[in-house]
Every structure is written in C-alpha cells, then in structure tokens.
Amino acid sequence: MSNAIVSTEVVVIGAGPAGLFQLFELGLLGIKAHIIDTLRQPGGQCTELYPDKPIYDIPALPICGARELVERLMQQIKPFGAEFHLAEEAVQLERQDNGRFRLTTSAGTVFDTGAVVIAAGVGSFQPRRLAVENVADFEGTHIHYSVKSAADFHGRRLVIFGGGDSALDWALDLAPKAASIALVHRRAEFRGAPATAERVRALAAEGRLRFVEGLAQSLHSEAGALKGVHVKAASGELQLLDAEHLLVFFGLAPKLGPIAEWGFELDKKAIKVDTERFESNIPGIFAIGDINIYPGKKKLILSAFHEAALAAFAIQHHLYPAKKQFLQYTTTSPAMQKRLGVVAA
Ligand code: FAD
C-alpha cells in the first residue's frame, strides 16, 4: 500500500494490446506514462482468454500467437520505460480544479496526471464468484478466489472448486499438507493440463484427495464460522463436505466496474469518443480499444493500434496546446530514434 502521489503526464488504464501500444505512441512523442491493470500480467484478453491461439490479422505478421503478440508489444515499448502497476484496479477518477486528474487504485496508489487513457477493453477481469447464498459474508475469510499464502491452508479442511489448471495445481500442492481436501467439479473431465489431471486422479484413487462431481448448493455455517458446503451431485443427491476454507477457481470474467461511475457518455457499456482525437465527453480523458464506441467501430486489435496513434497526438495537444505538431517518421526522425534508443544520444 503506497500513498505517495505519483505525478505524471499520462496514466493508461488497461494493459491489453490497446494500452500497451498507447505507451509506444506516447513514447515516440516523448510523453511519459504509467499503466495500470487489474491483472497480474499484461496482455488483456490476449493473455487471459486465448494465449495459445494464433492471430492472423495483425498487419505484417501473417501468424502470431496471442501471447507472442503481447511479448512483442512489451519488447517494442521497452525503450520508453513506462511504469507498470499490475494487480491494481483503477477505482476512482476525479477532475481537479487545475484541469489535471487524480486517479486512485485499489492498492492505494494515487496519481496526479495531466491526461488519462481508458484502454479497459471489455472491463476489468474479476474472479467468477461461487454462486451460493450469503457468499459475500465469507469471501476473503473462508472463501478465496486466489491463494496469497499457501501456508494459510496447511492443516486446514479444504474444498477446492474448479476443473482448470489453477484448481488442479492447488489440489496437488495442498493435498499432502491439508487436514482434508476435496475437489469439486461439475464434470468428471478436467480442463487443466492432461498430465496434471492424471496426477489428481491418481491421488483420488489412492484416497488422498476426495473428488466430487457436482455443484455447490449452499454454505453450512455455525455462529458465523464456515463449517462446510452442500454439494449437489449430477444424480441430484446432496452431500455435505466438511470445510473451513473454500478455494474457488472458476476463472476470470470482465466487468466494466468503477469506470461506469465516472461520468462518461456511454453507449452499450462503451465510452463514446470522436474519431479524430478518441477523446471522451470529459476533455483530457481518452478512450481506445474495445472500451470505446463511434460510428463504424470494429473491436479489432488493429483498430486499437490506429486509435492509439491518433490519441497520442491529441494527448500531446491537450497537455501542451502551444506546441506545434508535425508528423515524423521513425525511419528518419533523429528525435524519435533517440527516444527509441536506436542511435547514440
Ligand atoms: P483488453 O484486451 O480487454 O484489455 C483491457 C485490460 O484493461 C484488461 O487487462 C483489464 O483487466 C484492464 N482493466 C479494465 N478495467 C480496469 C480498471 N478499472 N483498472 C485496471 N485495469 C482495468 N482481435 C483481432 O484483432 N484479431 C483476432 O484474431 C482476435 N481474436 C480473438 C479471439 C478471442 C477468443 C477473443 C476473446 C478476442 C479476439 N479478438 C481478436 C479481440 C481482441 O482480443 C480485442 O479486440 C483486444 O484484446 C482489445 O484490446 P484492449 O486492449 O482494448 O482490451
């Protein structure tokens, strides 16, 4: 938790392909930026939803894996040294009397910034919650969507929900250390890596982990403490699994979140922008990528790249209205090449 105010020219919200390329375009113009993302790694949908799928419509790259695209973008923006604030959600944004913005993250980081770029895609990725009554009463204490410290679960009675890699990996990791452990998944087949799934099945066959095919039905608590969870099997049979802690790994789903409250003109949950500056109805706040909408908008990575280039010029004009703007080519501009670090300073 840091409360020191970070003063900067631009903050970009969202480190998907749009936000990452925005850092490049700002960097070419010599503008310093910080970038925030709720996720622990950059890449947005590419990394979170389809890392291993090939993309075929990135100009000049006939085929490029989604994760590879993010790695290439990270390499391309490296010279500009933008600061990353990962695993932080932008939660509050206020326009100050001097025209600058105060932006606060979930980790307590506060920015004082001249402009903001919203590159928040389809929203900030949040864990899919366990769909049972009173779940909120136990979240963070007895119901967990990530493991911050594995030692907290040693010697405890655990039920893990999910069938993907996170659920299987934690089941394997915690099985020898927990007092008891059950893995609940709605189907007998797992989505996780086949080798990991095999090891989980072997543990279950040895009786060192209980596997239950079913869905969480309701929580069982006594005097405010979680004691277990009722699980409904495919057959309709209801069983009570003893548990102090539930670890739930249902993946992440995007949610527009706090951005919806910041006073933007929205259309179908997207921020309306013009197509010259990609600026929202709030001067100094720009929106690019999947989060914006304008006539003819296509939610494609290449559209986001174009929007980032034009937004960078608009941001420069917003920050330094007196500065003369002219187009420079990276092939021939000594200033840009210096910023890129491709010629001696
Ligand atoms: P995103 O990639 O959604 O990134 C937005 C980021 O913002 C996220 O990481 C999110 O966590 C973060 N964020 C949101 N709110 C906050 C907040 N308040 N605080 C902090 N962080 C926040 N496009 C193509 O061009 N070609 C394709 O072949 C293609 N294939 C696709 C296949 C699939 C399966 C899917 C799902 C999409 C595909 N797309 C494709 C679409 C493409 O992935 C999106 O257009 C692109 O990811 C949009 O980039 P973005 O940076 O705008 O948003």
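Tutor: Gladly! Strands (E, at least two residues) and helices (H or I, at least four) are DSSP runs, numbered from the N terminus. Two strands pair if DSSP finds at least two bridges between them. The model is predicted, so local features need pLDDT of at least 70, side-chain atom pairs count only at pLDDT 80 or more, and totals for chains, interfaces and linings use all residues. Residues are numbered from 1 along each chain as its sequence is written, and side-chain values use heavy atoms, without hydrogens and water.

Student: How many residues lie between strand 14 and strand 15 in their hairpin?

Tutor: Four, and Gly236 in that turn has a positive phi of about 100°. The two strands run antiparallel, joined by five bridges, and Lys232 has Leu238 as its bridge partner.

Student: Which residue in the turn between strand 13 and strand 14 has a positive phi?

Tutor: Ala223, at about 50°, in a hairpin with two residues between the strands. Eight bridges join strand 13 (residues 210-222) to strand 14 (residues 225-233), and Glu222 is partnered with Ala225.

Student: Now the ligand: how many residues surround it?

Tutor: Count a residue as near if one of its heavy atoms lies within 4 Å. That gives 31 residues, with Asp37 and Tyr50 among the closest.

Student: Which distances should I look at for Asp37 and Thr38?

Tutor: A polar contact is a pair of N or O atoms within 3.5 Å. A polar side-chain atom of Asp37 lies 2.7 Å from a ligand oxygen atom, and one of Thr38 lies 3.1 Å from a ligand nitrogen atom.

Technical notes:
A polar contact is a pair of N or O atoms within 3.5 Å; within protein, one must be able to donate a hydrogen and the other to accept it, and residues adjacent in sequence count only if both atoms are side-chain atoms.
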